[in-house]
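Please find below my notes on the model under discussion. They are arranged as numbered points, to be read alongside the sequence and the coordinates.

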Amino acid sequence: ETFFVDLPKVELHAHLNGSLSPATMLQLKRYHADSGLEDKTNAFFDEFQIGAGDSRNLTDCFQVFSIAHSLTSTPETLALATSLTLQEFQDDGCCYLELRSTPRDTPQMSKLQYIETLVQAIQKSSLHLTMITRLIVSINRRSPLEEAEQIADLAIEYYKKYPDVIVGIELSGDPMAGVFQEFVPALSKAKEAGLKVTLHCGEVCNPEEVMAMLKFKPDRIGHGICIHPKYGGTEETWSTLCKLKIPVEVCLTSNVNTKSVPDYDSHHFKLLYDAEIPVIICTDDKGVFATSLSREYQICVNTFSLTSYQTARLALNACQYVFADNVRKTLNDKLLNFIDKNS
Ligand code: 5GP
């Protein structure tokens with residue numbers, strides 16, 4: 001099992017507030033207690049994790065994020081949550097992380113301060129971590145368009161200010177809320193400014209939306225469940241993905257625990273892999289789904305009986321799809337070096 005931790009891995013789909021581990025949540029609660037901040041999490045702290053066999057589904061899962069949000073509503077707690085989470089990813093053998101998070105206005109900070117705090121926390125962590133971290137700014141599909149535009153503008157502003165930290169923009173949140181097309185102007189603006197784009201795509205059956213998303217030509221998509229006809233997609237959605245070969249950020253445990261797929265064996269990873277569509281193994285919300293990146297690799301390898309050569313290729317290929325073009329070679333060399341030593 002240490003092989004999966006030792007394997008240098010890149011994480012490209014991790015939501016900050018879904019990634020908080022129980023240990024990090026406890027530290028945040030302690031911080032709240034010590035500084036006399038109000039802590040409303042006591043009652044539902046236990047409800048944060050959606051483990052195997054939990055009766056809750058994808059829709060219910062969007063409510064649990066408010067538990068994490070109540071612990072990251074000040075610049076200090078947000079910075080602490082970020083630095084603890086980065087450390088955990090590194091300890092799990094992650095050599096490159098693209099963390100994503102949705103800027104929120106809270107009584108203690110504005111969206112601008114939210115982004116500023118994340119950038120500062122990432123820069124500070126880079127002084128003592130070997131893992132490279134970049135930030136993707138998230139837009140929640142539930143946001144009014146004005147707010148989406150505001151977040152896109154902030155992302156562009158901060159990308160210009162900190163091109164070595166901010167690399168992309170993404171659309172996430174409850175897939176039953178909002179209309180993709182309405183977010184296109186905000187996303188396009190960011191794309192034109194040089195930000196990379198990734199979209200949560202096909203989490204629920206909605207072939208029209210999937211087609212519109214694929215036609216937008218995002219740099220990557222997240223999940224990509226309902227694209228193949230067997231999984232609620234159509235011939236058209238599947239053939240379009242096969243033609244465009246847009247890399248898919250695959251989150252096995254997240255999809256199983258939210259019952260978006262019935263079990264690991266029938267996960268669409270296999271379909272994507274066999275169709276030679278680039279796949280990147282990711283955690284999504286390692287705190288909520290009680291997992292880690294090394295565990296996701298292990299589950300994938302065991303479920304689909306990958307050889308050690310295929311496993312190493314999977315990790316190596318992922319380096320090609322990072323949004324930070326300037327670190328691709330470093331990551332590639334690191335993986336090749338690991339493969340060299342272990343073969
Ligand atoms: P945050 O952006 O606050 O750091 O992380 C939590 C947010 O990420 C959630 O409120 C939600 O908008 C988004 N998110 C986390 N996991 C998922 C997921 O599995 N699917 C979708 N569509 N959005 C998610």
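1. Helix α2, residues 22-34, and helix α4, residues 75-91, have axes that come within 10 Å and cross at roughly 155 degrees. Angles over 145 degrees count as roughly antiparallel, and α2 and α4 are therefore roughly antiparallel to each other. The crossing in which α2 passes α4 is right-handed. It should be kept in mind throughout that this is a predicted model.

2. On the α2 side of this pair, the residues in contact are T24, Q27, L28 and Y31, and they meet T77, L80, A81, L84 and T85 of α4. Sorted by class, the contact of α2 with α4 comprises five nonpolar and four polar residues, with no charged residues.

3. From α5 the contact draws on K111, L112, I115 and V119, and from α6 on Q150, I151, L154 and Y158. Six of the residues in the contact of α5 with α6 are nonpolar, one is polar and one is charged.

4. Which residues come nearest to the ligand? They are H15, L16, N17, S101 and T102, out of 17 residues around the ligand. In the shell around the ligand, eleven residues are polar, three are nonpolar and three are charged.

5. H223 is not a glycine, although it has a positive phi of about 70 degrees. This residue belongs to strand β6, which covers residues 220-223. H223 has 26 other C-beta atoms within 10 Å and is therefore buried, the threshold for that class being 20 or more.

6. Is D284 buried or exposed? D284 counts as buried, because it has 28 C-beta neighbours inside 10 Å.

7. L71 is part of helix α3, residues 58-71. L71 counts as buried because 27 C-beta neighbours lie inside 10 Å. Along the chain, L71 and G168 are 97 residues apart, and their C-alpha atoms are separated by 25 Å.

8. V179 is located in the loop between β4 (166-172) and α7 (180-192). V179 has 11 C-beta neighbours inside 10 Å and therefore counts as exposed, since that class takes residues with 12 or fewer. V179 and E209 are 30 residues apart along the chain, with a separation of 8.2 Å between their C-alpha atoms.

9. G194 occupies the loop between α7 and β5 (196-201). With 13 other C-beta atoms within 10 Å, G194 is partly exposed. How far apart in space are G194 and Y159, C-alpha to C-alpha? The distance is 8.5 Å, for two residues that are 35 residues apart in sequence.

Notes: Residues are numbered from 1 along each chain as its sequence is written. This is a predicted model: local features need pLDDT of at least 70, side-chain atom pairs count only at pLDDT 80 or more; totals for chains, interfaces and linings use all residues. A residue is near a molecule or strand if its C-beta atom, placed from the backbone, lies within 6 Å of it. Ala, Val, Leu, Ile, Met, Phe, Trp, Tyr, Cys and Pro count as nonpolar, Asp, Glu, Lys and Arg as charged, and the others, Gly among them, as polar. Helices (H or I, at least four residues) and strands (E, at least two) are DSSP runs, numbered from the N terminus. Two residues are in contact if their C-beta atoms, placed from the backbone, lie within 7 Å. Axes are lines fitted to C-alpha atoms, for helices over the stretch in contact, and angles run from 0 to 180 degrees between N-to-C directions. Angles under 35 degrees count as roughly parallel, over 145 as roughly antiparallel, 65 to 115 as roughly perpendicular and the rest as oblique. A crossing is left-handed if the near helix is turned anticlockwise from the far one by less than a right angle, and right-handed if clockwise.
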